[in-house]
Amino acid sequence: MKAYIVLLVGFIVLFNSCNDSKYDLDNIVPNEYHKILYISNSGKQKLILYDTGEDFVYSLSVFKSGSNPKETADVDLSVMSQEQLDLKYSTPEAVEYKVIPEDCYSFDSNKLLFASGDRFKSVNISINTNAVKELLDDNTAVNWVLPVVATSNTDSINANKNIAFLQIADVITPTTGFVINDNSIEEYDFGTAFTVTKDIEISLSTDNKWNIECELSVDNDYIEEYNLINKSSYQAFPEGSYSFPEIVVLSSGTTKELVNVNIDGTKFITPGDYMLPINIKNVSEFAISTTNRIYPLVIRIKGNEFDRSKWRILSDSEETSGEPAPNGPAINAIDGNLDTYWHSTWKENSFGRKQLPYELIIDMNSICTVTQIGMIQRGNGYTDVKDGKIYVSNDSEAGDWKEVGSFIMQQNMEKQLFSVLSTQCRYVRVVIESSYRQQYCSLSEIYAYGMTD
């Protein structure tokens, strides 16, 4: 051990004493490691080009590193031949890669010269989008690529970062559409006078070099389609309850623009869930997004919560003996106690059906205009009601039930409100069609909202 320490100390002394001699860094580190060059954005990359009538410009950067990167260097950039591409990529991967023809691209420089103070250099590669689009359209089975290789006759190149493998995935038309991040419903109490401005955003899918005019309108036909897919009951905003600019301009250099939508709450004369489907009707350049063409701006005018003290409730399935008392019977769903609950039948000596669907019928004891139904899942980890439908009637025995809404419940203990078609009725029938827990269903509370007559 002492011998190793002596040798180490001797080496340090020798090194320090020879700082200004031939034993400097250049003699300790091999010459090929003084400067090492590499492509910073090397490796496989899929490019989506935009059909704007202009070339797509890809910026490729080469960096200089090593033990003494202050030295000068030079790098040559070239594109692999088809034979080289097949040998390195097509054959090993069993994929048909083809080098895009020379008339489809150009370099602003094929040679990069590094001065002593240069740490990196960039080169722009221009790709003719129109020509490449024709290649993709005519040869759909081919994977068109531009494999750029960095080489040097004088300097070392990092062999793991010497190729930028650019695969042209697609050439698409730029689109303008709405940015829809969070379209959660905002709630206002019925009878509350309010005015509010909502800011929604329009965006272009690529860099903007144009002044693009976007014509906006309202598409109320969208509401029926939305309700069908989402099991909701939205209705159109009343006339005169909103305003927004008919023309919005995406100016050159900007890809996003805000649209101010002003809402006048005094125009909503009945409670309910409302939707304003703002539509991009026309654009002056390129195309309209097929997925974000419409922004479904939504608000809820929550009706008055009805007094439940005179309500009665029946169910075609309730557990009368298996749950801890007083739980199980339907009355627990309207007793105002979140610690009690209705539960569907599961024991042999209990009442009603043991298989879905289950129904609960509420007699509100008077004619009311119902606009929303609220429900709370059973607690203690048994949030099991999944979805179903809501019906109303003025005569429960006559069987003239009218479907006015549907619901999909989340598995939480929050009060969940579901809009229904504004209808005068005395009876409400909640039909549970599926469960998160096999055939078992339970509810803590059911509420109704709207206007009393």
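Reader: Let's start with Ser 393: is this residue buried or exposed?

Author: Ser 393 is buried, with a relative accessible area of 3%. (Buried means under 20% relative accessible area, exposed means over 50% and partly exposed lies in between, using a 1.4 Å probe and protein chains only.) Before we go on, please note that this is a predicted model, in which local features need pLDDT of at least 70 and side-chain atom pairs count only at pLDDT 80 or more, while totals for chains, interfaces and linings use all residues. Residues are numbered from 1 along each chain as its sequence is written, and side-chain values use heavy atoms, with hydrogens and water left out.

Reader: Where does Ser 393 sit, and which residues does Ser 393 touch?

Author: Ser 393 belongs to strand S29, residues 385–393. (Helices, H or I of at least four residues, and strands, E of at least two, are DSSP runs numbered from the N terminus.) A contact means heavy atoms within 4.5 Å. Beyond residues up to four places away in sequence, Ser 393 touches Asp 400, Trp 401, Cys 425, Arg 426 and Tyr 427. Cys 425 is 32 residues away in sequence, yet the two C-alpha atoms are 5.4 Å apart.

Reader: What does the side chain of Ser 393 make a polar contact with?

Author: A polar contact is a pair of N or O atoms within 3.5 Å; within protein, one must be able to donate a hydrogen and the other to accept it, and residues adjacent in sequence count only if both atoms are side-chain atoms. Here the partner is the side chain of Asp 400, at 2.7 Å. The Ser 393 side chain also reaches the backbone nitrogen of Asp 395 at 2.9 Å.

Reader: Now a helix, please. Which residues of H5 are buried?

Author: In H5, residues 221–230, the buried residues are Tyr 222, Ile 223, Tyr 226 and Asn 227. Down the axis of H5 they fall within an arc of 135 degrees, so they line one face of the helix. (The arc is that of the directions from the helix axis to the C-beta atoms.) The face turned away from that buried side carries the exposed residues Asp 221, Glu 224, Leu 228 and Ile 229. Strands S16 (235–236), S20 (272–283) and S22 (294–302) are included in what covers the buried residues of H5. Just after H5, Lys 231 has a positive phi of about 55 degrees.

Reader: How do I read H3, and which of its residues are buried?

Author: H3 spans residues 82–93, and its buried residues are Leu 85, Tyr 89 and Ser 90. Their arc around the axis is only 85 degrees, which puts them on the same side of H3. Glu 83, Leu 87, Thr 91 and Pro 92 are exposed on the face turned away. Among the elements covering the buried residues of H3 is strand S9. Pro 147 lies in S9, residues 143–151, and touches Leu 85 among other residues. At 0% relative accessibility, Pro 147 is buried.

Reader: How many residues has the largest nonpolar core?

Author: A nonpolar core is a set of buried Ala, Val, Leu, Ile, Met, Phe, Trp, Tyr and Cys residues joined through side-chain atoms within 4.5 Å. The largest here has 41 residues, and those with the most contacts inside it are Leu 60, Val 62, Leu 77, Val 132 and Leu 146. Apart from that core lies another of 32 residues, including Leu 360 and Val 430.

Reader: And sheets? In what order do the five strands of the open sheet stand?

Author: Strands of a sheet pair through backbone hydrogen bonds, either parallel or antiparallel. For a pair to count, DSSP must find at least two bridges between the strands. The order here is S17-S19-S14-S12-S21, with mixed pairing. The edge strands are S17 and S21 (287–288), each pairing on one side only. S14 (195–204) and S19 (256–264) run antiparallel over nine bridges, and Val 196 has Ile 263 in S19 as its bridge partner. S17 (242–243) is joined to S19 by two bridges, also antiparallel, with Tyr 242 opposite Ile 263. S12 (175–179) and S21 pair in the parallel sense over two bridges, where Thr 176 stands opposite Ile 288.
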